[in-house]
Amino acid sequence: WKPLTEETAAQVAAFAPDEILLLPLYPQFSTTTTGSSLKAWRAAYKGPGKTRTICCWPAGESFLAAHARLIEQAFQAAGRPANARLLFSAHGLPEKVIKAGDPYQAQVEATAAGVAARLAGAWDWKISYQSRVGPMKWIEPNTEDEIRAAAREGRPLVVVPIAFVSEHIETLVELDIEYGEMARKEGCPAYIRVPALATESLFIAGLADLATQALGRD
């Protein structure tokens, strides 16, 4: 969405900064997301200033704690249904990208484990991957398959967008509408979708900490 990289790069160049700090809002690094965004910036930016980049933050304390807080709030608001399964849904990637050395899947797993460790009580939790397209093999398990599995087992689902920090088509349409309808048709006892982090205070404080640390400031 707007502004696109080229427009922003021109605005930053006109400001003529001494320093630039790039903070990708992808928690987990992938060559297909953070990598491609940084490549686009380098191609577009022609202005002055020392540029620093924050790579990723899949296990940042504030990031994990913010997710845990929103999960607890959503679960409480839904009446804390018994025997619920926590499903961390991340955007998928073709399997060949991971086999080529991309760290995304391992970082998603680190995030999910870190969030689960910060929740009260013992949760049954899994990771799944959404948004699969095309004929090639993608990393698994697929979110749709996990929804069907929970329905067969009679388990309510608490679904967390673990690789997105804002609401957009893959949360508001794919998770809420398409997967929500699937869960109802399959007979899942409950489908609880935890919001994306957005402006949650712990999350924003964590981003501020990342920025000050990267700039070497207290």
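Both faces of strand β5 are covered in this predicted model, with L157, V159 and P161 buried on one side and V158 and V160 buried on the other; here buried denotes a relative accessible area under 20%, exposed over 50% and partly exposed the range in between, for a 1.4 Å probe and protein chains only. In keeping with this, β5 is mostly covered, five of its five residues being buried. Strands are DSSP runs of E with at least two residues, and helices are DSSP runs of H or I with at least four residues, each numbered from the N terminus. Residues are numbered from 1 along each chain as its sequence is written, and side-chain values rest on heavy atoms, with hydrogens and water left out. Local features were required to have pLDDT of at least 70 and side-chain atom pairs pLDDT 80 or more, whereas totals for chains, interfaces and linings use all residues.

Strand β5 belongs to an open sheet of four strands, arranged in the order β4-β3-β5-β6 with parallel pairing, where two strands are taken to pair if DSSP finds at least two bridges between them. The edge positions are held by β4 (124-130) and β6 (191-193), each of which pairs on one side only. Neighbouring strands of the sheet are turned against each other by 25 degrees on average, with direction ignored; axes are lines fitted to C-alpha atoms, for helices over the stretch in contact, and angles run from 0 to 180 degrees between N-to-C directions. Strand β3 (residues 85-91) pairs with β4 in the parallel sense over seven bridges, and with β5, again in parallel, over five bridges. Within these pairings, S89 has S128 of β4 as its bridge partner and stands opposite P161 in β5. The parallel pairing of β5 with β6 comprises three bridges, and L157 stands opposite Y191 in β6.

Helices also lie across the sheet. Helix α3 (residues 61-77) lies across β3, β5 (157-161) and β6, running at about 150 degrees to β5, while α7 lies across β3, β4, β5 and β6 and runs at about 170 degrees to β6; contact in this analysis means heavy atoms within 4.5 Å.

Helix α3 additionally packs with helix α5 (residues 104-117) at an angle of about 60 degrees, with the axes 8 Å apart. That angle makes α3 oblique to α5, given that angles under 35 degrees count as roughly parallel, over 145 as roughly antiparallel, 65 to 115 as roughly perpendicular and the rest as oblique. The contact is made by F63, L64, H67, A68 and I71 of α3 together with T111, G114 and V115 of α5, and by class it contains five nonpolar, three polar and no charged residues. In this classification Ala, Val, Leu, Ile, Met, Phe, Trp, Tyr, Cys and Pro count as nonpolar, Asp, Glu, Lys and Arg as charged, and the others, Gly among them, as polar.

A further helix pair is formed by α6 (residues 143-153) and α7 (residues 169-186), which pack at an angle of about 30 degrees with their axes 9 Å apart and are therefore roughly parallel to each other. To this contact α6 contributes T143, E144, I147, R148 and A151, and α7 contributes Y179, M182, A183 and E186; these residues divide into five nonpolar, one polar and three charged. Helix α6 also contains D145, which is partly exposed with a relative accessible area of 38%.
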